[in-house]
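Hi,

Please have a look at it first, and then read on.

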Amino acid sequence: MIAHLFNAPLGDGEAAVGVGTVGSSEAIMLAGLAFKRKWQNKMKELGKPCDKPNIVTGANVQVCWEKFARYFEVELKEVKLRDGYYVMDPEKAVEMVDENTICVAAILGSTLNGEFEDVKRLNDLLVEKNKETGWDTPIHVDAASGGFIAPFIYPELEWDFRLPLVKKSINVSGHKYGLVYAGIGWVIWRNKEDLPDELIFHINYLGSDQPTFTLNFSKGSSQIIAQYYQLIRLGYEGYRNIMENCQENAMVVKAGLEKTGRFNIVSKDQGVPLVAFSLKDHSRHTEFEVSDMLRRYGWIVPAYTMPADAQHVTVLRVVIREDFSRTLAERLVLDIEKVLHDLDTLPSRVVEKLATVAPEEGEGHHAVVKRTAIEVQKEIAAAWKKLVADGKKISKIC
Ligand SMILES: Cc1ncc(COP(=O)(O)O)c(C=O)c1O
């Protein structure tokens, strides 16, 4: 059913295969392993070295891609973000592709702002590059969130197995917009041939041949049954209604925030039903303060900095799920307005700190240095940057 949802050809002689996993992270590990093994086999056949594989992604990838790269020794080549552009730039991604690239990973629904990356444009550019070079670099789509959104509310959007280079694999989380409790994800390969046979183990001690390609062996079946139930119970119409409703509620939050005149919206209308936004004016308050104050009203709205090279941008993110009703959306907007009002009535957010004055002004003396909120925010971003120096990245949001 999921392969069909992603438009895998299911006619004569075509057989998509897939695996149920704990979530998109495990799904991505498995898809990455299949790409790595396929690429290694090809390089061996060509008599070329195969010890330096790489993956090209945007710097906005979820931490599971960094885990895959480190655990399975694949270099992660990240396309940096920039002000106002928070997803992978397909042109730059294709420039980074070389003979050792096992795949380019595109995200359908960036974790940071919900935006769908332009998989079609990436496909077209990569088709050209493959033609010029004779390589056969494929695309994997990380559709952790978008895989259960796009097929229902943007059916015309070409991001899936309809594209020639998305001919390998797609992952999706059942526990995000698949509407199942946590602990279920999926990875689908367009064709059985895309999953190297040597990665599949066969055991028979449970009474019959059991092919297995997962990181863990034993696993509860409740989530698989729950996913099966939801798909059958709700059907295409049911999922579409729910996704449309989520999208409408996201638009209610977005319109309410715009009405305050205080925020820039950094999410897109076409994407995951979420609203990511940042303050227009940082001279008095920061997003971290807004997040902090919202907790007093019972809301957990995280504030976080964007990855390189947009780490000076901080955003707040509200994810709209099935159970987030319109009433809640309206209440959230009201509470954000109250928080802004509360913050405005506090003394101007100019932070004072003690700093040692220059020696000629008297060694050992201290002076009060005033810093604006934006300076404080820059310091927070710099501290994060320091932590990620020497390649050790901190986990991002999930
Ligand atoms: C784009 C993306 N990929 C992968 C993941 C990891 O998914 P999971 O939590 O199902 O392992 C997430 C989680 O937020 C995500 O947003």
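**What I found**

In the ligand site, the side chain of serine 25 has an N or O atom 2.6 Å from an oxygen atom of the ligand. Do keep in mind that this is a predicted model. Serine 24 takes part through its backbone, where a polar atom lies 2.8 Å from a ligand oxygen. From serine 173, an N or O atom of the side chain is 2.9 Å from an oxygen of the ligand. How much of the ligand's accessible area does the protein cover? The answer is 90% of the 390 Å² that the ligand has on its own.

There are 14 residues around the ligand, and those that come nearest are Ser24, Ser25, Thr111, Asp142 and His175. By type, the shell holds four nonpolar, eight polar and two charged residues.

Helix 2 covers residues 24–45. At 1.5 Å a residue, its 22 residues should span 32 Å, and the end C-alpha atoms are 31 Å apart, which agrees. Just after helix 2 comes glycine 47, with a positive phi of about 70°.

Two spots in the backbone are also worth a look. Most residues other than glycine have a negative phi, and most peptide bonds are trans. Asparagine 7, however, has a positive phi, near 60°; you will find asparagine 7 in the loop between helix 1 (2–5) and strand 1 (17–21). Further along, alanine 308 and aspartate 309 are joined by a cis peptide bond, with omega about -5°. Aspartate 309 sits in the loop that links strand 12 (303–305) and strand 13 (314–319).

Finally, turn to the surface. Which residues form a nonpolar patch there? They are Met1, Tyr228 and Ile232, which together have about 360 Å² of accessible area. Tyrosine 228 belongs to helix 7, residues 222–260.

Enjoy exploring!

Definitions and conventions: Residues are numbered from 1 along each chain as its sequence is written. This is a predicted model: local features need pLDDT of at least 70, side-chain atom pairs count only at pLDDT 80 or more; totals for chains, interfaces and linings use all residues. Side-chain values use heavy atoms; hydrogens and water are left out. Patches are made of residues with over 30% relative accessible area and no salt bridge: like charges are joined within 9 Å, nonpolar side chains (Val, Leu, Ile, Met, Phe, Trp, Tyr) within 5 Å. Accessible areas come from the Shrake-Rupley method with a 1.4 Å probe; for residues, only the protein chains shown count as cover. A salt bridge is a side-chain nitrogen of Lys or Arg within 4 Å of a carboxyl oxygen of Asp or Glu. Helices (H or I, at least four residues) and strands (E, at least two) are DSSP runs, numbered from the N terminus. A residue is near a molecule or strand if one of its heavy atoms lies within 4 Å of it. A polar contact is a pair of N or O atoms within 3.5 Å; within protein, one must be able to donate a hydrogen and the other to accept it, and residues adjacent in sequence count only if both atoms are side-chain atoms. Ala, Val, Leu, Ile, Met, Phe, Trp, Tyr, Cys and Pro count as nonpolar, Asp, Glu, Lys and Arg as charged, and the others, Gly among them, as polar. The expected span of a helix is 1.5 Å times one less than its number of residues.
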